[in-house]
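Reader: I'm new to this one. Can you walk me through it?
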Amino acid sequence: MLVKTYCAAVTGLEATTVTVEVSLSRGVLFHLTGLPDNAVRESHDRIVAALQNNGYKFPVADITVNMAPADLRKEGSGYDLPLAIGLLAASGKVETSRLGSYMMIGELGLDGRMQPVRGALPIAIKARAEQFKGLIVPRQNVREAAVVDKLDVYGMESITDVIAFLNGSGAYEPTVVDTRAEFYANQNHFEHDFADVRGQESVKRALEVAAAGGHNLIMIGPPGSGKSMMAKRLPSILPPLSLAESLETTQVHSVAGKLSRDTSLISQRPFRSPHHTISPVALVGGGTNPQPGEISLAHNGVLFCDELPEFNRSVLEVLRQPLEDRRITISRSKYTVEYPCSFMFVASMNPCPCGYYGDPTHKCVCSPGQIQRYMNKISGPLLDRIDIQVEITPVPFDDISRSAPGEPSEAIRQRVVRARRMQEERYRSHPGTHCNAQMTERMIHQYAEPDADGIEILRMAMKRLSLSARAYNRILKVARTIADLDSSANVRTEHLAEAIGYRNLDRGDWAERGA
């Protein structure tokens, strides 16, 4: 007897329908074909135990299982459920009439309970696109899959529930998620708020400019000056996610297996802060079984690298191309996958090895050579891709002891959202461009060209700071954002002057200023 069940394989963020064909004939052998990896091959042992512990016998026959398309690599344990159901259906224990209407995915424990899998959301999107009536997933994955409308999604606890459902002997209702209600209900609840930050008005201004234009930013200052504290509050002033951005972000986290059980859609911009010991593969993605890296998990959000010079230089250099292209293509001998990685890059660092260079309250013990070597750990091409470079000094006691709270995040966010709306209107005729940081060179000349006085200021800055052509473009992008925050149609000289002030690390006298 030949039986077919349906599941899906996830490559990158795309799912491909996989047909599990089970054929029984006289004999005692088990054949599994279709490029299964070790986790899929081991499913035989899990299925045998799961069936026996739930009162079913594993078929005694010559069993041939093919997973089509046969040239697509099948990886992971999510094929346990369709394989087990196919075997039971081929041996007459499960009705076959409904198998063609449902896609299913799930790992089986030895007791028959279903365990969560990765990629439930892209699989649900594929099931709807292939016009399946419904999708059967482990209960832990049901909310993320149920955000897809026009598809019945059933969350099951064990294989016995799936058997009862397919045989029509149990009453099961699909899970319904009010996507819009849940999405908008959780958009404005933040753990951290800028109202808790006393002082540091110039740094908060730089963060506001960065958020308004989607610019990359680095903060340089001694320990305890508030770099990490302010970086953690950056998502609270970024514009809210749109539903399309939320869906794409949730897909990335679903494929990586990072969604919690009660999460349907991610409603707040991600904030990822990897440790400086991270490997290049963990940062950009890939591996034996390709998975999104930290830069993709930060898609539509913030990637924060604390103590930037402590990162391995080879790790930092792999960031250069994703910062420009906002997508990462991972090519290996057996696969090529592409992940989105449009994120704000925010970094912090000490100004020298001891950390107190330029600190008015502590004496720096580093020589100019030590300071220069420390700064040289960050390459010039990477610094060129960071639009805003701001220096931080410790907060004076009078500001720390001030009882009045700082400006709340909501007030800053309103100004940021207003500036972003101006940019969306400006770039309406440029698909793929949503903020000033994404402007091309042609768009810079069209929308951020300064007047004669501004050109003269830029000429002097380029000469004194020895700026590259890329830094020149970054200054114009930041100036355009400052003009948007000022509701100005044109980039004026004061906007350019502020933007030039955000190029601290381009100064050639960095190591001599505190000597």
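Reader: Let's start with R205. Is R205 buried, partly exposed or exposed?
Author: This is a predicted model, to be clear. R205 is partly exposed, with a relative accessible area of 28%.
Reader: Which residue does R205 meet in a salt bridge?
Author: E498. The N to O distance is 2.9 Å. E498 is partly exposed as well, at 22% relative accessible area.
Reader: Where do R205 and E498 sit in the chain?
Author: R205 is in helix α8, residues 201-213. E498 is in helix α22, residues 493-500. They are 293 residues apart, so the pair links distant parts of the chain.
Reader: How many salt bridges does a search of the whole structure find?
Author: The search finds 24. One of them joins E157 and R113, with the closest N and O atoms 3.9 Å apart.
Reader: What does the pair of E157 and R113 tie together?
Author: Two loops. E157 lies between β9 (152-156) and α6 (159-167). R113 lies between β6 (107-108) and β7 (114-115). The pair therefore ties together parts that are 44 residues apart in sequence.
Reader: Which residues are linked with R113 and E157 in a network of salt bridges?
Author: D111 and R139. The four residues form a network of salt bridges.
Reader: What about R426? Which side chain does R426 meet?
Author: R426 meets D484 in a salt bridge, 2.5 Å from N to O. R426 is in helix α18, and D484 is in helix α21 (residues 469-485). They are 58 residues apart.
Reader: R426 and D484: buried or exposed?
Author: Both are buried. R426 has a relative accessible area of 16%. For D484 the value is 1%.
Reader: New topic. How many disulfides are there in the whole structure?
Author: The search finds 0.
Reader: Are C366 and C435 buried or exposed?
Author: C366 is buried, at 14% relative accessible area. C435 is buried too, at 6%.
Reader: On to rings. How many aromatic pairs does the structure hold?
Author: The structure holds 9. One of them is Y427 with Y447, an edge-to-face pair.
Reader: Why is the pair of Y427 and Y447 edge-to-face?
Author: Because their planes are at 80 degrees. An angle over 60 counts as edge-to-face. The ring centres are 5.6 Å apart.
Reader: Where are Y427 and Y447?
Author: Y427 is in the loop between α18 (409-426) and α19 (441-447). Y447 is in helix α19.
Reader: Which residues form one aromatic cluster?
Author: Y102, Y154, F165 and Y172. The charged end of R98 sits over the F165 ring, 4.4 Å from its centre.
Reader: Now the surface. Which residues make the nonpolar patch?
Author: V28, L29 and V60 make a nonpolar surface patch of about 350 Å². L29 is in the loop between β2 (14-25) and β3 (30-33). L29 is partly exposed, at 49% relative accessibility.
Reader: Last topic, the backbone. Which residues does a cis peptide bond join?
Author: A68 and P69, with omega about 5 degrees. P69 lies in the loop between β4 (62-68) and α3 (80-90).
Reader: What is phi of K150 near?
Author: Phi is near 60 degrees, a positive value in a residue other than glycine. K150 is in the loop between α5 (142-145) and β9. K150 is exposed, with 76% relative accessible area.
Reader: And N300, what is phi near there?
Author: Near 65 degrees, a positive value. N300 is in the loop between α12 (294-297) and β14 (302-305). N300 is buried, at 11% relative accessibility.

Conventions
Residues numbered from 1 in each chain as written. Predicted model: local features only at pLDDT ≥ 70, side-chain atom pairs only at ≥ 80, totals over all residues. Heavy atoms only, no water. Disulfide = S-S within 2.5 Å. Buried < 20%, exposed > 50% of the residue type's maximum accessible area, 1.4 Å probe, protein only. Patch = residues over 30% accessible without salt bridge, like charges linked within 9 Å, V, L, I, M, F, W, Y side chains within 5 Å. Areas by Shrake-Rupley, 256 points an atom, 1.4 Å probe, with all protein chains shown as cover. Helix = DSSP H or I, 4+ residues; strand = E, 2+ residues; numbered from the N terminus. Phe/Tyr/Trp six-rings, centres within 6.5 Å; stacked < 30°, edge-to-face > 60°. Lys NZ or Arg CZ within 6 Å of the ring centre and 35° of its normal.
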